[in-house]
Amino acid sequence: MAMGMLLAAVLSPAGASAYQPVEQNMYVPANPGSCNKHPCVLYPKSAQLPGGRLVAAFEDSEGSVVGQTMPIFKSDDNGNTWQRLTNLRAPAYLTSDPAYAPYTSAWTNPFFYVLPQALGGMPAGTLLLASVVSGQDIAPNPSGNGNRQNVAIVLHSSSDQGLTWTVRSIIARGANQQHDPVWEPYLMMYQG
């Protein structure tokens, strides 16, 4: 009996804990019939901030392509409940810099990264988000309908846990918009 109690103590160390969020839907499209592609919700990504907050983003293709926003949700209770924190607007609407004017859709492939140390004037703990944006069609066939031929990966930063965002830079543009778009950003700090 004593050996069984010792084994139980070794296998269940004091102080170890885990949590299991309540199963629930974070988001369900209000009108799936209005989606500009199917499925409507794609590419969910999340991150945990130093204070414990969870943030999540995904592509929500309800409604028009031009002006599309990326929903960002938060959980402050280990994922048990989620609330919409903000809708990330496209770069064209976040800055007056003409370099971002063509990008009128905050579209897809979000990737979060929390800076482990200060970088370029941003303090440790800054939340970064890289995502694919699109917008104004390009020549020779500018249709004006936002056919997603003009794509780029844009970097955003937030110093208030994801509530507001600043456009930082265009990381990459598709070389040949119709046949070679950019896709699936990934961020990491390498050797400082």
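Two strands pair if DSSP finds at least two bridges between them. Strands here are DSSP runs of E, at least two residues long, and helices are runs of H or I, at least four long, numbered from the N terminus. On that basis, A57 stands opposite I72 in β3.

This is a predicted model, in which local features need pLDDT of at least 70, side-chain atom pairs count only at pLDDT 80 or more, and totals for chains, interfaces and linings use all residues. Residues are numbered from 1 along each chain as its sequence is written, and side-chain values use heavy atoms, with hydrogens and water left out.

**Overall layout**

- The protein chain holds two helices and eight strands.
- Along the sequence, their pattern reads α-β-β-β-β-α-β-β-β-β.
- The protein chain has 192 residues, and 41% of them count as buried. Buried means under 20% relative accessible area, exposed means over 50%, and partly exposed lies in between (1.4 Å probe, protein chains only).
- The accessible surface of the protein chain is about 10,600 Å². Carbon and sulfur atoms own 55% of that surface. Areas come from the Shrake-Rupley method with a 1.4 Å probe; for residues, only the protein chains shown count as cover.
- Take the contacts in the protein chain with a separation of 6 or more: 54% of them join residues 24 or more positions apart. Contact means heavy atoms within 4.5 Å.

**Sheet β1-β2-β3-β4**

- Four strands make an open sheet in the order β1-β2-β3-β4, with antiparallel pairing.
- The edges are β1 (41–48) and β4 (83–88); each has a single partner strand, so one side of each is left without a neighbour in the sheet.
- Neighbouring strands of this sheet are turned by 25° against each other on average, direction ignored.
- Strands β2 (residues 54–60) and β3 (residues 70–75) run antiparallel and are joined by four bridges.

**K74 in β3**

- K74 sits in strand β3. Its relative accessibility is 17%, so K74 counts as buried.
- The side chain of K74 makes a polar contact of 3.2 Å with the side chain of D76. A polar contact is a pair of N or O atoms within 3.5 Å; within protein, one must be able to donate a hydrogen and the other to accept it, and residues adjacent in sequence count only if both atoms are side-chain atoms.
- Neighbours within four places in sequence aside, K74 is in contact with R53, L54, T81, W82, Q83 and L85.

**Sheet β5-β6-β7-β8**

- Another four strands form an open sheet in the order β5-β6-β7-β8, and the pairing is antiparallel.
- At the edges stand β5 (105–114) and β8 (166–173); each has a single partner strand, so one side of each lacks a neighbour in the sheet.
- From one strand to the next, the twist averages 25°.
- β5 and β6 pair in the antiparallel sense over seven bridges. T108 has V132 in β6 as its bridge partner.
- β6 and β7 are also antiparallel, over eight bridges. Here S131 stands opposite V154 in β7.
- Six bridges join β7 (residues 151–158) to β8, again antiparallel. I153 faces A172 in β8 as its opposite residue.

**Burial of β6**

- Eight of the eight residues of β6 (residues 127–134) are buried, so this strand is largely enclosed by the rest of the structure.
- In a regular strand the side chains alternate between the two faces of the sheet.
- Both faces of β6 are covered. L127, L129, S131 and V133 are buried on one side, and L128, A130, V132 and S134 on the other.

**R173 in β8**

- R173 lies in strand β8. Its relative accessible area is 46%, so R173 is partly exposed.
- Residues up to four places away in sequence aside, R173 touches A99, Y103, V151, A152 and V182.
- R173 and V132 are 41 residues apart in sequence, and 9.4 Å apart in space, C-alpha to C-alpha.

**Aromatic pairs**

- The whole structure contains six aromatic pairs. Rings of Phe, Tyr and Trp (its six-membered ring) pair if their centres lie within 6.5 Å; planes under 30 degrees apart count as stacked, over 60 as edge-to-face and the rest as tilted.
- Y27, F58 and F73 are linked into a cluster by ring pairs.

Conventions: Axes are lines fitted to C-alpha atoms, for helices over the stretch in contact, and angles run from 0 to 180 degrees between N-to-C directions.
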